[in-house]
2 protein chains.
Amino acid sequence: MAGRRSGRRPGPTETRDAILVAARELFAAKGYDGASVRGIARAAEVDPALVHHFFKGKEGLFVAAMEFPVDPAEIVPLIFMGPPGEIGERMVRTFLRVWGAPEFRDQMMALLRSAMTNDQATVVFREFVSSALVSRAAATLDIPRVRIEAAVAQMVGIVMLRYVLRIEPLASTPEEELVELIAPTIQRYLAP
Amino acid sequence: MAGRRSGRRPGPTETRDAILVAARELFAAKGYDGASVRGIARAAEVDPALVHHFFKGKEGLFVAAMEFPVDPAEIVPLIFMGPPGEIGERMVRTFLRVWGAPEFRDQMMALLRSAMTNDQATVVFREFVSSALVSRAAATLDIPRVRIEAAVAQMVGIVMLRYVLRIEPLASTPEEELVELIAPTIQRYLAP
């Protein structure tokens, strides 16, 4: 804690906040892959063990720092668990359910806007999609990454047209009808 | 031309520019469907016939006002002409070819950014996609609009991941490989 002006020992909330501030700075400056837990801990003047204590690791820290409204470590396995023959259906349902919640949508829109208008945010967003979504799926499914990305692209496009641009009739098509229309596409990409 | 302060008759360039300025204002204020050629002509203080003379009609005027780098009236029919059995392949190739050109990409990125960060631009973009792309396709293909929008969503997502976020390996996958992977999806949506 060298360099702290106050002699008072910082409380857990202050320490957690200091780590988040440092994390936002380093993720923005170096991207997701370039920033390390050790470097962030050093910038926050805390022991790296505290980063693990508060955030479990780099990905949890990133989720907290970016204020991601859901943790992909919890969501992504939901898609890939269960019968392989229904993986398309599960992926469509998960995307629609998560994006259907207004509070999630508002925060994701803010993140998407940053990713589209700020080069540094683009880098961070790209590396995060690669690491947290695609790599996680690739570890479970024995298929080329480009097939996973094609499936993600289909869902990103649906989200853009349905929730961002709100193009009709897609914007008000019932979930069940969309699952029927889109799930076979995802199924073909992920379980060829 | 009532209200013009100068007695000098405006030249064709001035008239064209006045129409474009009025068009940008009215499209932003009222959206694509809400703005009329007549209303734009009135705001620009010109005869509506001049709007048709310079821009062929409302869509041409919109393309010019938004500085769209390509005219969907030229591009979209390319997809829907030719053998129906190859419609998926033609759509994927057309999107990749158009987005592969850096000057097109830069301008489309600027438009996409506006659509994502400005509510009025979102309205204009949405109505334009509906009118110029989806309605045009729906007039040729006898299928529900939501199927056309699912196909557009797939291509929008590919464009986002490949050209905006530049996620690997999708960003550097050769065109031929992507056509092979994505065309069957589009084919299924458009020619079920």
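At what angle do helix H5 and helix H6 of chain A pack?

## Two helices side by side

Helix H5 (residues 72-80) and helix H6 (residues 87-100) of chain A pack at about 150°, and their axes sit 8 Å apart. Axes here are lines fitted to C-alpha atoms over the stretch in contact, with angles from 0 to 180 degrees between N-to-C directions. That angle makes H5(A) roughly antiparallel to H6(A), a label used for angles over 145 degrees. Helices are DSSP runs (H or I) of at least four residues, numbered from the N terminus.

So who touches whom? From H5(A) come Ile75(A), Leu78(A), Ile79(A) and Phe80(A), and they meet Ile87(A), Arg90(A), Met91(A), Thr94(A), Arg97(A) and Val98(A) of H6(A). Contact just means heavy atoms within 4.5 Å.

## Two domains

Chain A also splits into domain 1 (12-65) and domain 2 (72-190), with bounds from an automatic or database domain assignment. Their centres, taken over C-alpha atoms, are 26 Å apart.

Where the domains touch, ten residues of domain 1 contact ten of domain 2. Together they bury about 760 Å², 62% of it on carbon and sulfur atoms. Buried area is the accessible area (1.4 Å probe) that both parts lose on being put together, summed over both.

There's one salt bridge between the domains: Glu59(A) and Arg136(A) meet at 3.1 Å, N to O. The cut-off is a side-chain nitrogen of Lys or Arg within 4 Å of a carboxyl oxygen of Asp or Glu.

## About the model

This is a predicted model, where local features need pLDDT of at least 70 and side-chain atom pairs 80 or more, while totals for chains, interfaces and linings use all residues. Residues count from 1 along each chain as its sequence is written, chains are lettered from A and ligands numbered from 1 in written order, and side-chain values use heavy atoms, leaving out hydrogens and water.

Definitions and conventions:
Angles under 35 degrees count as roughly parallel, over 145 as roughly antiparallel, 65 to 115 as roughly perpendicular and the rest as oblique. Buried area is the accessible area (1.4 Å probe) that two parts lose on being put together, summed over both.
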